[in-house]
Amino acid sequence: MKKLKLFKAILPITLPVAVFALFNYAEKPLTAQTFSVHLTMGNPSGANTSYSNLLLNKSQYAVSYNCYRGTPNWVSWQLNTSWLGSAPRQDDFRADTTLPSGCYRVSSSDYTGSGFDRGHMAPSADRTNTITNNSATFLMTNMIPQAPDNNQGVWANLESYSRSLVTGQNKELYIISGSYGSGGTGSNGARTTIANGNVTVPARTWKVIVVLDRPNNGASSVTTNTRVIAVDIPNTQGVRNADWRNYRVSVDYIEGQTGYNLLSSVSSSVQSVIEARVDNQ
């Protein structure tokens with residue numbers, strides 16, 4: 001847990017709700033942590049208007065986007081039964097036109113022939129209640145160049161396990177997913193960038209999952225007994241059949257690797273316990 005906590009956003013107090021609703025509708029970058037449900041556990045990097053830490057507050061998830069890497073730093077989202085349904089997978093990968101003009105807009109074709117998957121951070125299968133919500137997960141601001149064995153194997157298995165907690169046990173999850181470092185290995189070998197240098201290939205993929213027993217309780221309901229799953233997985237081939245449990249680490253470890261302040265909305269006394277613990281369930 002970091003010693004310095006992120007400042008609480010004051011804009012929701014000083015500006016009318018209608019202004020924020022308009023921003024959310026337009027999917028424009030916001031300048032401070034808002035009352036997005038997807039930022040319930042905090043804004044890990046204090047994402048704002050910086051091109052290296054640009055807050056994109058979607059209805060379906062929140063993103064810290066890095067224009068210089070061409071990938072999200074992290075994506076954060078809520079998952080409970082209300083987000084799940086029977087909407088089909090849209091597969092409409094596309095550039096995010098809400099990015100400012102000075103920020104390179106990654107397209108689906110930028111990944112063509114690279115040997116890396118267009119790897120979702122917020123998964124398509126976590127947004128199946130409506131076609132619109134499923135389609136939103138295919139924006140390229142939600143993608144990283146992910147080794148096929150990572151994306152289709154160990155990573156996909158953790159995604160499925162997460163949804164099983166929701167559908168089978170009626171849990172509510174708050175998930176933060178991201179990557180760091182430079183240099184991964186895809187089906188065509190090792191690369192540090194793709195898309196003529198516009199997209200950095202990360203070395204590692206990570207995820208933090210806060211598991212709440214009851215929906216709609218928020219950060220104040222997190223206790224020292226709350227289950228938190230954290231993983232850190234190499235962005236390489238050869239991990240397709242690996243067990244995601246073998247890559248479990250503490251939240252503190254991921255904070256040390258990324259510099260983020262994860263779960264910053266949780267009380268500091270609780271953070272100090274749950275962020276030091278490695279899940280063993």
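The structure is a predicted model, in which local features need pLDDT of at least 70 and side-chain atom pairs count only at pLDDT 80 or more, while totals for chains, interfaces and linings use all residues. Residues are numbered from 1 along each chain as its sequence is written, and side-chain values use heavy atoms, with hydrogens and water left out.

**Overall make-up**

- The protein chain contains 6 helices and 13 strands, where helices (H or I, at least four residues) and strands (E, at least two) are DSSP runs numbered from the N terminus.
- Of the 281 residues in the protein chain, 55% are buried, a term that means under 20% relative accessible area, with exposed meaning over 50% and partly exposed in between (1.4 Å probe, protein chains only).
- Among contacts (heavy atoms within 4.5 Å) with a separation of 6 or more, 70% are between residues 24 or more positions apart.
- The protein chain exposes about 11400 Å², and carbon and sulfur atoms supply 51% of this area, which is found by the Shrake-Rupley method with a 1.4 Å probe.

**The disulfide**

- When a disulfide is taken as a pair of cysteine sulfur atoms within 2.5 Å, the count comes to 1, and this disulfide joins Cys67 to Cys103 with an S to S distance of 2.1 Å.
- Cys67 lies in the loop between strand S3 (62-66) and strand S4 (71-79), whereas Cys103 lies in the loop between S4 and strand S5 (117-120), so that the pair, 36 residues apart, links distant parts of the chain.
- The link of Cys67 and Cys103 is left-handed, with -105 degrees about the S-S bond.
- Cys67 counts as buried because its relative accessibility is 8%, and Cys103 counts as buried because its relative accessibility is 2%.

**Thr185 in strand S8**

- Thr185 belongs to strand S8 (residues 184-186) and counts as partly exposed because its relative accessibility is 30%.
- Leaving aside neighbours within four places in sequence, Thr185 is in contact with Phe116, Ala147, Ala190, Asn235, Thr236 and Gln237.
- The C-alpha atoms of Thr185 and Gln146 are separated by 8.6 Å, and these residues are 39 residues apart along the chain.

**The largest pocket**

- A pocket is an open set of points on a 1 Å grid over the protein atoms alone, where a 1.4 Å probe fits, with protein on both sides within 12 Å along at least five of seven lines, and lining residues have an atom within 4 Å of a point.
- The largest pocket is lined by 13 residues, of which Arg89, His120, Ser124, Asn151 and Glu159 lie nearest its centre.
- S5 and helix H4 (148-169) each supply at least two residues of the lining of the largest pocket.
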